[in-house]
Amino acid sequence: MPKSPPQTAAPLIPSHPTLATLREAASECKACDLWKRATQTVFGEGSRHAKVMFVGEQPGDQEDLQGHPFVGPAGRVLDKALEAAGIDRNDVYVTNAVKHFKWEPRGKRRIHKKPRQPEITACRPWLDAEIAITKPEVVVCLGSTAAQSLLGPKFRVTKRRGEVIPFTQCPYVVATVHPSSILRVPDENARHRAMADFIEDMRKIARLLQEKGLLAA
Ligand code: URA
C-alpha cells in the first residue's frame, strides 16, 4: 500500500495571511493529536517587523496555561540573556517549532515530553508562515527541536552552535542551546558558565544585526 503523505497544518494556512489571521487559524489546529491534551494553541508573538526570530521547542506548562510563548522559567533565562546582549524583547519575534504543549502526568505535575518528528512536521507550516510574514534577518533556533525542524533531523546543535548559516527562508539561521537546558545544569558554577555562553551567543546575534545596521551599537 502506498504510504499516505504526513498530515500537516498546510491546508489551514489562510491565503494572504497576516499574523492575526494566522493566529486565529492556528487556534483551531488539529493537524496532529497534541491539541487534545493542551489547554490552547500557543502562537508566536512579537514585532511584525522583527529582525530576529527566536524559535523554541514547544510551549511549557506556564505557556500552555497563559497562552504566550516563553513566559515561564525558560523565558526568564531568555529575557536575561537578551537584556545582557542589548536586545529588546519588544523588538523580536518569539515562537516555537510545535505550538501545543506535549506532556504526560507524573503525580499532580504535567511533565514536558519531547515532540516526535511527525508532530514537528505537522506544525512546520505555521513556522514557515511566521517567517514569511515577519521576514527576519536571522532565525535563532533554541535547542535541537527547533534546529532540526528548520535544518533537518541530522543537524547537531552540539557541533554547529553559534554558526551563522545562510538559509533559504531568510538570510541566516543560528542555532544555540535551549534556555531550559541551562536551568537543568546541576552544578552552580557550570550553570553560570552555561549562562555566560548563552549570553555570548546572544551578543554574537546582536553584533550580526549591528553589522547590517539593523540594531543600534
Ligand atoms: N520552552 C520552549 O521551547 N518554548 C516556550 O515557549 C517555553 C518553554
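Author: The ligand takes up the space of the largest pocket. Keep in mind that this is a predicted model.

Start with the pocket. The largest pocket holds about 700 Å³ of space. Its lining counts 26 residues, and G60, H112, H178, S180 and R184 are the closest to its centre. The largest share is that of β5, with four residues. By class, the lining has eleven polar, eight nonpolar and seven charged residues.

Now the ligand itself. Around it stand G56, E57, Q58, P59, G60, E63, P69, F70, N96 and H178. This shell splits into five polar, three nonpolar and two charged residues.

A polar backbone atom of E57 is 2.8 Å from an oxygen atom of the ligand. For F70, a backbone N or O atom lies 2.9 Å from a ligand oxygen atom. A side chain takes part as well: an N or O atom in the side chain of N96 is 2.7 Å from a nitrogen atom of the ligand. As for cover, the ligand on its own has 240 Å² of accessible area, and the protein covers 93% of that.

Terms used
Residues numbered from 1 in each chain as written. Predicted model: local features only at pLDDT ≥ 70, side-chain atom pairs only at ≥ 80, totals over all residues. Heavy atoms only, no water. Near = heavy atom within 4 Å. Polar contact = N/O pair within 3.5 Å; in protein donor to acceptor, adjacent residues only side chain to side chain. Areas by Shrake-Rupley, 256 points an atom, 1.4 Å probe, with all protein chains shown as cover. 1 Å grid on protein atoms, 1.4 Å probe; cavity = no way out; pocket = protein on both sides within 12 Å on 5 of 7 lines; lining within 4 Å. Sits in = over half its atoms within 2 Å of the grid points. Nonpolar A, V, L, I, M, F, W, Y, C, P; charged D, E, K, R; others polar. Points joined across faces, edges and corners; volume = space filled by probe spheres on them. Helix = DSSP H or I, 4+ residues; strand = E, 2+ residues; numbered from the N terminus.
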